[in-house]
Amino acid sequence: MKNAKQRANSFLVSLVGVAVLMLAVYAADTFGLMDNYIRGIFIQCCYAIIMVTSLNLVMGYLGQIALGHTGFMAIGAYTSALVTKAINLGIKEGTITALPPVLVFFIGILCGALAAAVFGLVVGIPALRLRGDYLAIITLGFGEIIRVVIQNLPFAGGKGLANGQAGQALIGIMRMNDIYIIMLITAVCVAIMIAYVRSKFGRAIMAIRDDYIASSSTGLNTTYYKVLTFTFSAFFAGVAGAVYAHRGLGTLQHTDFTFLKSTEYVIMVVLGGMGSMTGSVVAAIILSVVPEALRAFSAYRMLIYSVLLVLMMIFRPTGLFGSYEFSLYQLLTMRRKKKSAAEQTAAKGDT
């Protein structure tokens, strides 16, 4: 009963914290502190957070190496873009009842996420029977296959597989750069993933990560939990892709989903701490903002960026947070306990 009450209180405190953060963003926007450039960086941080936390489910909590996660992001991005384009075209031609742009956006996100989840299931069933380097190679190959196929699909901007020519940009995508909606989507996605980690499914995959043989010997269906987590992770990678597709530029390029992009997200997971959702959020923000902050040193920007990463791995190899999770509720209760202990000590001194 006490644990249930603590979880409820923790949820309420976190909800209040997110509300305060959204009010702070609203105030900054109202007073003209956010221009289009800042909004773009903000949206970049949001889809990076969703992407990195979803990848952390596989790498940090399940303990598997996945190097082609942008393949699922690409599926979510292109599916969402094509669905929203079709809906808007139907509305324009009068074949579909007019819908609010926000609703069209959410339909696109759902379709993109489900498509990515289906591919995650298809890839995960055979791939997750393997472990270690084998899984990394399979996911890497999958990510490249998806990108190469997309770049040649005529309806995705390409010139057709028969011509064997590199694809072009998919244009005319609906733009949804409302930072409040995107921030809300990010908060909901992270909250769902944290709830998953703290559920029986999360405990099961962490047991598999810590000792695969012992987990199997106790009757735990390791394949089921691994495939479930991989599919769950792919779903949210699809959400990140959908947000990316509608970020305001109105175009999509297959070059946005290369192996190097997957590597960037892996770096974010490692930097934040494998097994820490808090670390993933912080690392996604830092590694999204730092390259932009270093634009003034364009000649040395990537060198400085690389040196910072190397120094981080030397002095903090477990990442910024390791496996630690920040809790606003625990911070408040800890301060309350310290204050109460100080008052009791003072009262004893007076007596």
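**Exercise 1.** Is the crossing in which α2 passes α11 left-handed or right-handed?

*Solution.* Let's begin with the ground rules. This is a predicted model, where local features need pLDDT of at least 70 and side-chain atom pairs count only at pLDDT 80 or more, while totals for chains, interfaces and linings use all residues. Residues are numbered from 1 along each chain as its sequence is written, and side-chain values use heavy atoms, leaving out hydrogens and water.

Step 1: Helices are DSSP runs of H or I with at least four residues, numbered from the N terminus. The axes of α2 and α11 come within 8 Å and cross at roughly 140°; axes are lines fitted to C-alpha atoms over the stretch in contact, with angles from 0 to 180 degrees between N-to-C directions.

Step 2: The two helices α2 and α11 are therefore oblique to each other, as angles under 35 degrees count as roughly parallel, over 145 as roughly antiparallel, 65 to 115 as roughly perpendicular and the rest as oblique.

Step 3: α2 passes α11 in a right-handed crossing, meaning that the near helix is turned clockwise from the far one by less than a right angle.

**Exercise 2.** Find which helix gives the largest share of the lining of the second largest pocket.

*Solution.* Step 1: A pocket is an open set of points on a 1 Å grid over the protein atoms alone, where a 1.4 Å probe fits, with protein on both sides within 12 Å along at least five of seven lines; lining residues have an atom within 4 Å of a point.

Step 2: The second largest pocket has 25 lining residues, and G40, Q44, Y47, R247 and E292 lie nearest its centre.

Step 3: The largest share of this lining, seven residues, comes from α2.
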